[in-house]
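Here is a short report on one protein chain. Keep the sequence and the 3D view open while you read.

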Amino acid sequence: MDNSVDYKAICRQVSDLARRVGKHIHSLRQTENLHIEAKGAHDYVTQMDKLSERLIVAELEEILPQAGYITEEGTRSQTAKQYNWIVDPIDGTTNFIHSHPPYAISIALAENDKIVVGVVYEMGHDELFAAWLGGGAYLNGKRINVSLTAYQTSLIATGFPYSNFSRMDDYMHTLTDIMRDTAGIRRLGSAATDLAYVACGRYDAFFEYDLKPYDVAAGSLLVSEAGGHVYDFSGKNDYIFGREIAATNHTLCTDFMNVIMTNLGSKAQ
């Protein structure tokens, strides 16, 4: 570990950056027409996504000049050996296009592939979620924790794939089991926000596949620092780059992960 890097101080800087850029982008959304491009099937980008990423990266370069980048829109793409920023300039672009929150800025810092700072700013409701390794998780400056809800009364969040439908049979079996045994399922359309909501107890668990590192990096740290657990679908730790994630509170972890691992664990992607 590089002792010169103060995770708490960096988290504060990134929190300020995310909120400033988010407020600016949200304001522009109210006054400017969107130019929408399709990156792939059901996968969209706007000029606001690109502007948000440029603004974020420009300031991150000042915060930690030696760091590399993993970014959704490719503003910076060169990674570094020790530190890397992982940036989603607008997570939930389809929601953003339709002015339908949530949509969020997600910024994480990885040190040797371990997430050490995570910030999610949900623009639609002006909510800033932040965590640093060993420092806990916070919502607008107040400490947050995962819920204590048991599986039978839990509210579970998920997301739907927009291009990779190869695992839909197993996914539908999972949805059936969860619908039968819990209080319900919700789908917001922003994985970063879903994870933040698990961290503060609004949701009790979340799962989704075919996700990218910038979708989950910041949110995964929020959950773990709020007292929750984060896994891949096989109950292991390959959730940042493994394109699948399950996040839970402690109380329902065993029951929830049994369902996920039975239906989705060790499946070919």
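## Two nonpolar cores

A nonpolar core here is a set of buried Ala, Val, Leu, Ile, Met, Phe, Trp, Tyr and Cys residues joined through side-chain atoms within 4.5 Å. Buried means under 20% relative accessible area, exposed means over 50%, and partly exposed is in between (1.4 Å probe, protein chains only). This is a predicted model: local features need pLDDT of at least 70, side-chain atom pairs count only at pLDDT 80 or more, and totals for chains, interfaces and linings use all residues. Residues are numbered from 1 along each chain as its sequence is written, and side-chain values use heavy atoms, with hydrogens and water left out.

The largest nonpolar core has 38 residues. Ile-10, Leu-60, Trp-85 and Ile-107 have the most contacts inside it. At least two residues of this core come from each of α1 (7-31), α2 (47-63), β4 (83-91), α3 (93-97), β5 (104-111), β6 (114-122) and β7 (127-132). Helices (H or I, at least four residues) and strands (E, at least two) are DSSP runs, numbered from the N terminus. The largest share, nine residues, is supplied by α1.

Contact means heavy atoms within 4.5 Å. Residues up to four places away in sequence are not counted for Ile-107. Among its partners are Val-14, Leu-17, Ile-56, Leu-60, Trp-85, Val-117 and Ala-218.

Ala-67 sits in the loop between α2 and β3 (68-71). Ala-67 counts as buried because its relative accessibility is 9%. Leaving aside neighbours within four places in sequence, Ala-67 contacts Ala-80, Tyr-83, Asn-84 and Trp-85.

## The five-strand sheet

Five strands form an open sheet in the order β11-β10-β12-β14-β13. Its pairing is mixed. Two strands pair if DSSP finds at least two bridges between them. β11 (184-186) and β13 each have a single partner strand, so one side of each has no neighbour in the sheet. Neighbouring strands are turned by 20° against each other on average, direction ignored.

β10 (residues 155-158) pairs with β11 in the parallel sense, over three bridges. There, Ile-156 stands opposite Ile-185 of β11. Helix α5 (residues 191-199) lies across β10, β12 and β14. It runs at about 155° to β12. Axes are lines fitted to C-alpha atoms, for helices over the stretch in contact, and angles run from 0 to 180 degrees between N-to-C directions.

## A buried glutamate

Glu-244 is in strand β14 (residues 244-248). It counts as buried, because its relative accessibility is 7%. What does its side chain make a polar contact with? The partner is the side chain of Arg-167, at 2.9 Å. A polar contact is a pair of N or O atoms within 3.5 Å; within protein, one must be able to donate a hydrogen and the other to accept it, and residues adjacent in sequence count only if both atoms are side-chain atoms. A polar atom of the Glu-244 side chain also lies 2.9 Å from the backbone nitrogen of Phe-233.

## Backbone exceptions

Most residues other than glycine have a negative phi, and most peptide bonds are trans. Pro-101 and Pro-102 are joined by a cis peptide bond, with omega about 10°. Pro-102 is in the loop between α3 and β5.

Asp-210 has a positive phi of about 65°. It lies in the loop between β12 (205-209) and α6 (213-225). Its relative accessibility is 10%, so Asp-210 counts as buried. Arg-243 has a positive phi near 65°. Its place is the loop between β13 (229-231) and β14. Arg-243 is partly exposed, with a relative accessible area of 31%.
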